[in-house]
Amino acid sequence: MSLFQHCRKILTTLVLILVVTTTAACSSGVQAKQPTNSLPTTISPNGNYAQLERGNSAVGQDFGNWVVQTAQGVVQDAYVRDNNKLGVVITRQVRPNEVKPLAKSLVQGFHKNFPNQDLKVLVYAPDKKLILTAQYDEQSKQIEYK
């Protein structure tokens, strides 16, 4: 790996961590709204959902939208379920060696918005196949990767 590629990888990771933690900290004052348990209702003519909802609560929906908007070029879709599970679909620009640092920064930002609970971040490839699961244990403050 060339020095340029190594520096690029480190810089990308640091910028993403900075953006996730800074924006997450600034948006943590959002008031919780009543959860909505509705499923997506927009179905395209070929039978597929046009867009999955980003969260099954208003706060989850906001965080899912924020992740996609903030990580443009890195995350193409995101969803939050039960305010403790975040799923993200990465883009093709994310290299395999960048997936774990990305998951770590997502766990950190997710924890700032949904504190005091165990969390799970599921990272999916662009073809929607699960490639990494990061589980944050609130008691030990550790992240376990699978």
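## Lys-85 and the sheet around it

Lys-85 sits in strand β2. The model is predicted: local features need pLDDT of at least 70, side-chain atom pairs count only at pLDDT 80 or more, and totals for chains, interfaces and linings use all residues. Numbering starts from 1 along each chain as its sequence is written, and side-chain values use heavy atoms, with hydrogens and water left out.

**Overall layout**

The protein holds 3 helices and 5 strands. Helices (H or I, at least four residues) and strands (E, at least two) are DSSP runs, numbered from the N terminus. Along the sequence the pattern reads α-α-β-β-α-β-β-β. Of the 146 residues, 38% are buried. Buried means under 20% relative accessible area, exposed means over 50%, and partly exposed lies in between (1.4 Å probe, protein chains only). Among contacts with a separation of 6 or more, 48% come from residues 24 or more positions apart. A contact is a pair of heavy atoms within 4.5 Å.

**The sheet**

The 5 strands form an open sheet in the order β1-β2-β3-β4-β5, with mixed pairing. Two strands pair if DSSP finds at least two bridges between them. β1 (75-81) and β5 (142-145) are the edge strands; each has a single partner, so one side of each lacks a neighbour in the sheet. From one strand to the next, the twist averages 15°.

| Strands | Sense | Bridges |
|---|---|---|
| β1 and β2 | antiparallel | 6 bridges |
| β2 and β3 | parallel | 5 bridges |
| β4 (130-137) and β5 | antiparallel | 4 bridges |

Tyr-79 has Gly-87 in β2 as its bridge partner. Lys-85 stands opposite Lys-120 in β3. The chain goes from β2 through α3 to β3 in a right-handed β-α-β crossover. Right-handed means that, with the strands pointing away from the viewer, the path from the first strand over the helix to the second runs clockwise. Further along, Ala-134 has Tyr-145 in β5 as its bridge partner.

**Strand β2 and Lys-85**

β2 is largely enclosed by the rest of the structure, because 5 of its 6 residues are buried. Lys-85 has 32% relative accessibility, so it counts as partly exposed. Leaving out residues up to four places away in sequence, Lys-85 touches Tyr-79, Val-80, Phe-110, Lys-120 and Leu-122.

Helix α2 (58-70) lies across β1 and β2, at about 165° to β1. Axes are lines fitted to C-alpha atoms, for helices over the stretch in contact; angles run from 0 to 180 degrees between N-to-C directions.

α3 has 15 residues and spans 21 Å from its first C-alpha to its last, close to the expected 21 Å. The expected span is 1.5 Å times one less than the number of residues. Buried positions in α3 include Val-99, Leu-102, Ala-103, Leu-106, Phe-110 and Asn-113. An α-helix has 3.6 residues a turn, so residues three or four places apart point the same way.

Glu-98 counts as buried because its relative accessibility is 8%. Beyond neighbours within four places in sequence, Glu-98 contacts Arg-8, Lys-9 and Gln-93.

**Aromatic cluster**

Phe-110 also belongs to a ring cluster, linked by ring pairs with Phe-63, Trp-66 and Phe-114. Rings of Phe, Tyr and Trp (its six-membered ring) pair if their centres lie within 6.5 Å; planes under 30 degrees apart are stacked, over 60 edge-to-face, and the rest tilted. By this rule there are 4 aromatic pairs.

**Positive phi in the loops**

The hairpin of β1 and β2 has 3 residues between its strands, and there Asp-82 takes a positive phi near 55°. Asn-83 lies in the loop between β1 and β2. Its phi is positive too, about 55°, although Asn-83 is not a glycine. At 24% relative accessibility, Asn-83 is partly exposed. Lys-128 lies in the loop between β3 and β4. Its phi is near 70°, again positive in a residue other than glycine.
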